[in-house]
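Subject: The structure, and some notes on it

Hi there,

Here is the structure for you to open alongside this email. My notes on what turned up follow below it.

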Amino acid sequence: MLKLLRNNGINKLSSNLIRNYSTKQSVFQALDTFPKRHIGPNENEINEMLKNINTSKLSKKNPNSLEQLIEYTIPKDIRLNRELNIEENRVIGENQLLKDLKKIAEKNKVYRSFIGMGYYGTITPHVIQRNILENPGWYTPYTPYQAEISQGRLESLLNYQTMVSEFTGLPMANASLLDEATAAAEAMQMCVNISKSKGPFAFLVDKYCHPQTIDTIKTRAEPKGIRIEVIDSKDFKFTEDVVGCIVQYPSSNGVVSDYKELADRAHEANALVVAATDLLSLALLKPPGEWGADIALGNSQRFGVPLGFGGPHAAFFSTKDKYARLLPGRIIGVSKDKQGNSAFRMALQTREQHIRREKATSNICTSQALLANMSAMYAVYHGQQGIKDIANAVHRKAIILAEGIKRMGYTVLDRPFFDTVLVITGDKTDMMIKELESRQINVRQYCSKSISISLDETVTSADISALLNGFSAHASKPLGLSSPEQLEKETSSVSVIPESLNRQTPFLTHPIFNKYHSEHELLRYIHKLQKKDLGLTTAMIPLGSCTMKLNATTEMYPVSWPEFNSIHPFVPANQSLGYKEMFESISNMLCEVTGFDGCSLQPNAGSQGEYAGLMVIRSYLTSIGQSQRNVCLIPVSAHGTNPASAAMVGMKVVVVDCDANGNIDVADLKAKAEKHKDTLAALMITYPSTHGVFEEGAKEICDIIHNNGGQVYMDGANMNAQVGLCRPGDIGADVCHLNLHKTFCIPHGGGGPGMGPICVKTHLAPFLPGHSVVKGVGGERAMSAVSAAPWGSSSILPITYVYLKLMGGQGLKKATQVAILNANYMASRLKDHYKILYTGSHGLVAHEFIIDLRMFKESAGIEAEDVAKRLQDMNFHGPTMSWPVPNTLMIEPTESESKYELDRLCDALILIREEIREIETGKADRKNNVLVNAPHTEKVIVADNWNYPYSRSKAAFPTPATVASKFWPTVGRIDNVHGDKNLVCSCPPLSDYQ
């Protein structure tokens, strides 16, 4: 009988499900739709969370409605009252979208490219591709600000710095920059900073540098008033105003020159020498530091990172020890933890923008950590001998190719070279380019009379034969029967690099580069490091203003397709039609999301987007005869990169106050706008504010600026609270940048890559950045380039494309609503335990909120850092610490986190509040408690000695989740002061790793 009842019940349930399904949708409708996978809470959980929020703040008519929540959160005058039109706006499944995108990708033609110019074919070891590039354990963590739970990638980045330092012969390297061209621009500014002169400044650029590098240097120099002279380095004249010079080593046409005499002349005139160089060539060539360079930089792409149509790639940068504090970007250093163990951390962080603002060394607030880690592992895998073998093979292949071409009657430039052969083709140049392209081969047209061919580790005997056969079609002499193998034998004794430039010093000597050469060993090393880091694979990362949302596997999948990652950025336009179609689609969708009219995808970081947006404003103002406008108003609540970016474009920063509620002081803004009405260039505003509130007067603020002749730049850092609900362009902004690595799902990669495209109003669109190599990029009156590649980090743009397409207009709106709901739910749960520092006029927050911990310093001796470190004991990454308000935590849960995970964090924070109360009441010792001693490592917990006035279980297993599954910080709290006072930025002795 019971069995029968159960069967009847099941049958009734099944029939209801079938009946309900049949009335809702066709059986042909995709079931693998994405919004339900991207958004964490289900509908029941959403309703539960809405009930938890103080319903008196919501409409009594429908208190459990997301729409009502948004009505009380976002001011009425800026709300978007229609659905976003994301192209077809159709419901599509993940599988079908990948099929559609594959068809677009196949419109790209994957030819053999020997164009060079800083981009080369490379063999990415599959163990690195699968276990780093395609591994969420490596690509989902954030920048390693919480060093105790970031030791894995910090160690790998230290390996990267050591690698760069040893290759370049300069002792101090950073953890990567955005690309070679922007690194060169940073080097120029560093030369200015080192000079300590008040100006005027001049910087000499060798005309044989890569053209995209020259263009980017010019962009950066112009607003700073730095005179740029592009001439042959032989003709450099070091006048009093010259602070430095840059040469390419080897040069863009392949020539290897000895710059020692030039370096001596520069130093005699108190000028610095910058070498833009190539890591692989330095396995054979004398390091720049040995012939006198003060700074070395370049692209580490050919160390195992795919071409990717220009990026993302990790630029390297090294210098002398005495310039360490002026080095741009992040530096990984060695310090010690509370137990005296060696530990890694980001060093010299007081140089960063959030501290020094407009006085920072650079506006760069990120790096290319994921790609730097790939290149570091490439060096670890191959070691010194492996890299030498690759470099020698590439060099010998270039000699073989040059000999074969010469035998056909062509003139080959008779100068030392490493991997690039320059062929004088005269009037046959265009014909030869077309001939080779017809054979699916790309080479570089160096000028109207010559062609250059750059070889790499992927080149085979068949590639050499194909090149020689292409040249033979228009040769004055037949090649004969000389095969590449025969040419190899006949040129075995040929040497083209002068002995004075041969490398004599060893490199990659540290044991870390000499013990992981088998795949098993490297695989285990990669996973050993991965286990030390907390990423989204472990827990939510509630960093305010960082938007650590889901990086879906479907979004990541196309990044590895050869149609996207195996194309040189400077191929002919007809070979990248798939990319063109995708770029246009992304640009259109981003314009729809933001309410703007034009888009540039070139900026390859948020900081670059800020810089590009302000430069576009500057170009526009100059075009209308208003070049005297150079004042930029910036609220005190703005991102620290904002004032640094304004300073970079030559603007004078004027700070605007905020009121007691954290909103922009409109009266102060109006007074300062009117005071500077003749020189006002721009206002930089973050919306919603970094205090986590939608301010009521956003439109009025924009009107004040426009009425006083300025433009409005909106920082897109908090765009995750706007998408589908309101738009910057409708609010009154003229330009905004978007962090695709926040709102639009590109992963943070442990500190990069990122993308920072800008969207603009019609009047600014003509000035969007162009490119010196690839024509047709940017607006009709395009400013010069801000990045090395024409479309920035192109190969990660499929991530954003897939996200936008899969979510559609409705999905994007729902995601934003839930992001705001999640933040308000957490704030509601925590409000009785912590003060919520800022709320809107209805007592609600935006997509993030700040909890105030300042009172605990006096009551219990506890600060924000103690709470953040204690969260590590509870399997969490701490929220954003002491920014924008000191001794507070800013929490951003995003829409991707489930109610379970939100509750887990709330429970942890509530438990911590009880632990603070134990100190306040005297139950726990003020100077020896679970908070000030956090985090507790496994080594500490299992030690024979336990000298703490609380139990091991309270220290390490304070919550049910930690009992079920424990993530262990691998070092105790790190001594930051010790690390900065005893600066060590390369691999320590092997004993420190044990």
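Let me begin with glycine 709, which comes after helix α25 and has a positive phi, near 85°. Please keep in mind that this is a predicted model.

Helix α25 itself covers residues 698-707, and its buried residues include Ala698, Ile701, Cys702, Ile704 and Ile705. Viewed down the axis of α25, the buried residues sit within an arc of 155°, so they line one face of the helix. What do the buried residues of α25 pack against? Their partners are β16 (631-635), α24, β18 (680-686), β19 (711-715) and α26 (728-731).

Is alanine 673 buried or exposed? Its relative accessible area is 0%, so alanine 673 counts as buried. Leaving aside residues up to four places away in sequence, alanine 673 touches Leu633, Leu680, Ile704, Ile705 and Asn708. Two of these contacts, Ile704 and Ile705, are also among the buried residues of α25. The C-alpha atom of alanine 673 lies 8.9 Å from that of asparagine 707, although 34 residues separate the two along the chain.

Now to another part of the chain, helix α14. This helix spans residues 369-407, and its end C-alpha atoms are only 46 Å apart, whereas a straight helix of its 39 residues would reach 57 Å at 1.5 Å a residue. Where is the kink in α14 centred? It is centred on glycine 383, with an angle of about 95°. Most of α14 is covered, with 28 of its 39 residues buried. Glycine 409 follows α14, and its phi is positive, near 95°.

Last, the sheet. Its 5 strands form an open sheet in the order β1-β13-β14-β12-β11, and the pairing is mixed. The edges are β1 (112-114) and β11 (411-412); each has a single partner strand, so one side of each is left without a neighbour in the sheet. Helix α15 (residues 429-438) packs on the sheet, where it touches β13 (441-447) and β14, and its direction makes about 165° with that of β13. Within the sheet, β12 (residues 420-424) and β14 (residues 450-454) run antiparallel and are joined by 5 bridges. In one of the pairings, isoleucine 424 has serine 450 of β14 as its bridge partner.

Happy browsing, and do write back with questions.

Best wishes

Methods: Residues are numbered from 1 along each chain as its sequence is written. This is a predicted model: local features need pLDDT of at least 70, side-chain atom pairs count only at pLDDT 80 or more; totals for chains, interfaces and linings use all residues. Side-chain values use heavy atoms; hydrogens and water are left out. Helices (H or I, at least four residues) and strands (E, at least two) are DSSP runs, numbered from the N terminus. The expected span of a helix is 1.5 Å times one less than its number of residues. The bend at a residue is the angle between axes fitted to the seven residues ending there and the seven starting there. Buried means under 20% relative accessible area, exposed over 50%, partly exposed in between (1.4 Å probe, protein chains only). Two strands pair if DSSP finds at least two bridges between them. Contact means heavy atoms within 4.5 Å. Axes are lines fitted to C-alpha atoms, for helices over the stretch in contact, and angles run from 0 to 180 degrees between N-to-C directions. The arc is that of the directions from the helix axis to the C-beta atoms.
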